[in-house]
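This report looks at a nonpolar core and at one helix that contributes to that core. The sequence and the structure come next.

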Amino acid sequence: MGGSLTYPYGSTSAVRGHVLAALGVLKVASADQIRRLMCPGHKDSKGVRNAASILPSMG
């Protein structure tokens with residue numbers, strides 16, 4: 001997978017939208033719950049965790 005020092009696994013923009021949508025409804029959810037709800041095709045919740053981890057810095 002390509003990436004940079006900031007985003008070592010590549011862009012998280014697609015998953016970030018899913019994370020925000022899920023949190024807008026659920027308010028509190030684990031990375032695995034968001035993955036199962038919004039990104040069921042992903043094999044693990046690493047991408048969801050990466051996307052969620054940068055949300056505070058985007059404010």
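## Nonpolar core

In this predicted model, the largest nonpolar core has 8 residues: Val15, Val19, Ala22, Ile34, Cys39, Val48, Ala51 and Leu55. A nonpolar core here is a set of buried Ala, Val, Leu, Ile, Met, Phe, Trp, Tyr and Cys residues joined through side-chain atoms within 4.5 Å. Buried means under 20% relative accessible area, exposed over 50% and partly exposed in between (1.4 Å probe, protein chains only).

At least two residues of this core come from each of helix H1 (13–26) and helix H3 (46–54). H1 gives the most, with 3 residues. Helices (H or I, at least four residues) are DSSP runs, numbered from the N terminus. Ala51 is in contact (heavy atoms within 4.5 Å) with Thr12, Val15, Arg16 and Val19, leaving aside neighbours within four places in sequence.

## Helix H1

The buried residues of H1 are Val15, Arg16, Val19 and Ala22. Seen down the helix axis, they fall within an arc of 135° (taken from the directions from the axis to the C-beta atoms), so they line one face of H1. These buried residues pack against helix H2 (31–38) and H3. The face turned away from the buried side of H1 carries the exposed residues Ala14, Leu20 and Val25. Just after H1, Lys27 takes a positive phi of about 70°.

## Basis of the values

Residues are numbered from 1 along each chain as its sequence is written, and side-chain values use heavy atoms, with hydrogens and water left out. Local features need pLDDT of at least 70, side-chain atom pairs count only at pLDDT 80 or more, and totals for chains, interfaces and linings use all residues.
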